[in-house]
Amino acid sequence: MKKLILLLIAITVISCKNETKKESSNKEEVQEIKEVKKEKFPEELGKVFQAHGGINAWRKAQVLSFNKGEEVITTDLQSRKIVVNHSKYSLGFDGKEVWLSEDEKGTFKGNPEFYYNLYFYFYAMPFVLSDDGIVYEKVDAISFEGTDFPGYKISYKANVGTSPDDNYIIYYNPTSYQMEWLAYTVTFNSKEPSEKYNLIKYNKWENVNGLILPQEITWFKKDDAGNPTEPAKPVTVFTLPLISEAKLADSFYEKPAN
């Protein structure tokens with residue numbers, strides 16, 4: 001009789017544990033569904049993000065750093081504070097304003113406000129196309145070497161960023177969903193919408209702590225239909241990539257005291 005009672009108690013305990021596990025599992029599934037529903041980008045772009053390591057992995061990251069030539073570009077992914085360090089100059093965004101520091105005046109060639117986050121955007125593709133304030137629109141595919149690459153146009157709501165009239169089009173491989181091309185407009189100087197698109201081919205990718213980030217990009221010429229024809233510039237190479245879930249001090253992004 002005692003053994004029977006003990007057995008019934010054991011079954012009851014196991015049953016309760018199983019119910020708890022099921023309940024917990026169901027809660028996790030519901031939570032996962034809610035998180036998926038919160039995303040506002042199209043399903044196809046979700047597959048592109050997944051092919052590059054997943055949007056959740058991207059959002060957990062705090063710092064992204066890489067080299068372009070002699071420049072070391074470091075970005076706080078949550079605040080978008082940035083520093084571009086070179087042996088002869090540095091520039092960046094401290095969360096409030098863009099700054100420039102030079103060893104000698106005129107060493108840096110260009111407009112700091114336009115340049116400071118330019119290559120961060122090119123390098124952090126396709127993930128930056130999941131930012132808030134974005135409007136998505138499916139567009140016609142482009143064709144290159146016998147393959148058609150489907151595309152999505154990305155535009156911004158008013159007053160989002162320094163150039164809300166900028167537009168991007170991401171083109172992806174129809175089989176692997178890996179990003180292949182990026183078309184983009186530049187409205188920083190004109191402050192007016194433009195239909196003149198530049199085109200970049202993403203040549204090589206590498207795995208950086210689970211995220212697939214670019215190693216090489218090349219600007220391309222286009223035909224009248226917008227299809228790529230041939231390289232327009234030498235290859236741009238990115239090296240020494242780093243992704244970290246540890247933050248850097250805010251002082252890192254401030255203009256040097258000297």
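Thr75 has a relative accessible area of 0% and therefore counts as buried in this structure, which is a predicted model. The residue belongs to strand S2, and, once neighbours within four places in sequence are set aside, Thr75 is in contact with Gln62, Val63, Leu64, Arg80, Lys81, Ile82, Phe120 and Tyr253. Two of these partners, Leu64 and Arg80, return below, Leu64 as a residue of the nonpolar core and Arg80 as a member of a salt bridge.

**The chain as a whole**

The secondary structure comprises 5 helices and 13 strands. When contacts between residues at least 6 apart in sequence are considered, 46% of them join residues at least 24 apart.

In soluble globular proteins, nonpolar side chains tend to be buried together. Here the largest nonpolar core has 52 residues, and those with the most contacts inside it are Leu64, Tyr119, Phe122, Ile154, Tyr168 and Tyr202. Helix H5 provides the largest share of this core, 6 residues. Leu64 touches Trp58, Ile73, Thr74, Thr75, Leu77, Phe120, Tyr123, Ala124, Leu213, Leu242 and Ile243, again without counting residues up to four places away in sequence. Apart from this core lies another, of 10 residues, including Phe149, Tyr171, Trp181 and Leu199.

**Aromatic pairs**

A search of the whole structure finds 25 aromatic pairs. Tyr119 and Phe122 form one of them, an edge-to-face pair with 5.7 Å from centre to centre and 85° between the planes. Because these two residues are 3 apart in helix H5, Tyr119 and Phe122 are separated by about one helical turn. Tyr119 is buried, with a relative accessible area of 13%, and Phe122 is likewise buried, at 3%.

A further edge-to-face pair is made by Trp181 and Phe220, whose ring centres lie 5.1 Å apart and whose planes stand at 90°. Since Trp181 lies in strand S9 and Phe220 in strand S11, this pair ties together parts that are 39 residues apart in sequence. Trp181 is buried, its relative accessible area being 0%, and Phe220 is buried at 12%.

One aromatic cluster is formed by Phe66, Tyr89, Phe108, Tyr115, Tyr119, Phe122, Tyr123, Tyr184, Trp219 and Phe238, so that Tyr119 and Phe122 belong both to this cluster and to the residues with the most contacts inside the largest core.

**Helix H2**

In helix H2, which spans residues 43-51, Leu45, Val48 and Phe49 are buried. These three residues cover an arc of only 100° around the axis, which means that they lie on the same side of H2. On the other side of the helix, Glu43 and Gln50 are exposed. The elements that cover the buried residues of H2 include helix H3 (55-60), S6, strand S7 (147-156), strand S8 (168-172) and strand S9 (179-184). H2 is followed by Gly53, whose phi is positive, near 115°.

**Salt bridges**

Side chains of opposite charge can pair when their charged atoms come close. The structure holds 5 salt bridges, among them the following.

| Asp131 | Arg80 | 3.0 Å |

Asp131 forms its salt bridge with Arg80; because Asp131 lies in the loop between helix H5 (118-123) and strand S6 (134-144), and Arg80 in the loop between strand S2 (71-76) and strand S3 (82-85), the pair ties together parts that are 51 residues apart in sequence. Lys204 is partly exposed, with a relative accessible area of 44%.

Terms used. Residues are numbered from 1 along each chain as its sequence is written. This is a predicted model: local features need pLDDT of at least 70, side-chain atom pairs count only at pLDDT 80 or more; totals for chains, interfaces and linings use all residues. Side-chain values use heavy atoms; hydrogens and water are left out. A salt bridge is a side-chain nitrogen of Lys or Arg within 4 Å of a carboxyl oxygen of Asp or Glu. Helices (H or I, at least four residues) and strands (E, at least two) are DSSP runs, numbered from the N terminus. Buried means under 20% relative accessible area, exposed over 50%, partly exposed in between (1.4 Å probe, protein chains only). Contact means heavy atoms within 4.5 Å. The arc is that of the directions from the helix axis to the C-beta atoms. A nonpolar core is a set of buried Ala, Val, Leu, Ile, Met, Phe, Trp, Tyr and Cys residues joined through side-chain atoms within 4.5 Å. Rings of Phe, Tyr and Trp (its six-membered ring) pair if their centres lie within 6.5 Å; planes under 30 degrees apart count as stacked, over 60 as edge-to-face and the rest as tilted.
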